[in-house]
Amino acid sequence: MLGIGIDWAEEFHLVAVGRPGVGVIDVARVEHTPAAVTALVARIAGLEPDPAEVRVVLETRHGLLVEALTDAGYTVLPVNPDLVARRRGPAKKKDDAEDARIACLIALDQYTDLRALIPHGELAGELRSIARDDTRACRDERRLLNRLRADLIVVFPAALLIAGDDLGSPVVLKVLQRWPSAAQLGAATREEIEVLAKQAKHGWPDRFADRVAQALASDQFVARDYLVRAKTDTIRLACAQLLLLREQRRAWERRMGELLLGDRRRGRARQPGEDRGPAVPGGEIYLSFPGLGDRLAARIAGEIGDAIGQFSTPNALQCYAGKAPVTRRSGKSELVVASRLACNRYLADAVQQWAFTSLRTSGWAREFYDTQRSRGKKHHAALRALGNRWLEILWHCLTKNTPYQESVHVANRNRALGRSNQLKQAA
């Protein structure tokens, strides 16, 4: 067997090579270029012709370097950086070459239980990338909305009355983009406002025009002219960015549904057609769960990937998503349960949101959450416990290729709770 440890970076990588019983035999620097990576693969092939006997340990799961190693057929073992940090010695000295040696020794340790990386397929990889970009765009949208609201409070408070609880709606953003100050909007005619509202597909343009007139006639603070001039272009820029983000996120949502179902949703029923193309394995199973729409299902499916077999047990998936609790006991100290930090943060956040959205659509989920709160758990701790249960159900549905059915799960849950109560009474 040949062990490879890599301390990766953006410009170059430090690669340590070792053999069982010998240890690390060489540490070399490899530039992050196609030619250098190809030469590295060729060198590894010269040392060990059988790709199955090559174990590569590094601190990332994605990137062009990882793709080159998996394409070569090597067993890639991504590890958490904390695993390497704990083996640096008492001084905890950070050194890239030493980290590469430690990763190499981890690869040579046959008793270290590490999960080999199973790369995503093309559809699952595209779904993961789009879902992550959509998540970042959602954060950007929230940040821009907060900034726009702060600017409007200073120079155009009447706009907040017009927007109400939906400042990010297309009609409000288009109005502010065209008339970014109270004076400019007040100079616009009612017909112009109604035409713009129709173009933004507002259901009641006349009502919207009335709301604009009422907001402008209300008693509001008037900002200084120099401040209004300074903020006019800022408001226009924020509105333009928000409109572009909204349009792109809607396009991404359509593509997510197409990747999950094999076809784009159509018509009022929002259902795909009969002739479907290739889709992410288990896409319909994800969408069968309560609380999962196209966006949230895409986030979870993209992070899990199209090979559920890489998680041998439900607990493996729960640990990967950061929902399985960490228990600690030392001597006579009491049991302490802590949340798991070493996990896929994207998946952990998506499952937490899934647990929250399922409270409105699943009766047993709401009952489970209320039970956890009655036991003294806080909101997020109760959601983690609920997400842990959802992942267990998801694992069984994916491995058995069966869509989720609320009635079947509730019947199985009541049966299990009945047996548990009988055992407690017998004891």
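Let me start with Q372, which counts as buried at a relative accessibility of 6%, where buried means under 20% relative accessible area, exposed over 50% and partly exposed in between, with a 1.4 Å probe and protein chains only. Please keep in mind that this is a predicted model, in which local features need pLDDT of at least 70 and side-chain atom pairs count only at pLDDT 80 or more, while totals for chains, interfaces and linings use all residues. Residues are numbered from 1 along each chain as its sequence is written, and side-chain values use heavy atoms, with hydrogens and water left out.

Q372 sits in helix α16, and here helices (H or I, at least four residues) and strands (E, at least two) are DSSP runs, numbered from the N terminus. If we leave aside neighbours within four places in sequence, Q372 is in contact with K377, A382 and A385, contact meaning heavy atoms within 4.5 Å.

T371 also belongs to α16, which covers residues 363–374, but T371 is partly exposed, with a relative accessible area of 29%. From T371 to P157 the separation is 214 residues in sequence and 44 Å in space, taken C-alpha to C-alpha.

Now to the sheet, which is open, has 5 strands in the order β3-β2-β1-β4-β5 and shows mixed pairing; two strands pair if DSSP finds at least two bridges between them. At its edges are β3 (23–31) and β5 (75–78), each of which pairs on one side only. Neighbouring strands are turned against each other by 20° on average, direction ignored, where axes are lines fitted to C-alpha atoms, for helices over the stretch in contact, and angles run from 0 to 180 degrees between N-to-C directions.

Within this sheet, β1 (residues 2–7) and β2 (residues 12–19) run antiparallel and are joined by 5 bridges, and the bridge partner of I6 in β2 is V15. Helix α4 (residues 96–108) packs on the sheet, where it touches β1, β2, β3 and β4 (54–58), and its direction makes about 145° with that of β1.

My last topic is a helix pair. How far apart are the axes of α5 and α11? Helix α5 (residues 122–155) and helix α11 (residues 225–261) have axes 9 Å apart and pack at an angle of about 155°. The two are therefore roughly antiparallel to each other, since angles over 145 degrees count as roughly antiparallel, under 35 as roughly parallel, 65 to 115 as roughly perpendicular and the rest as oblique.
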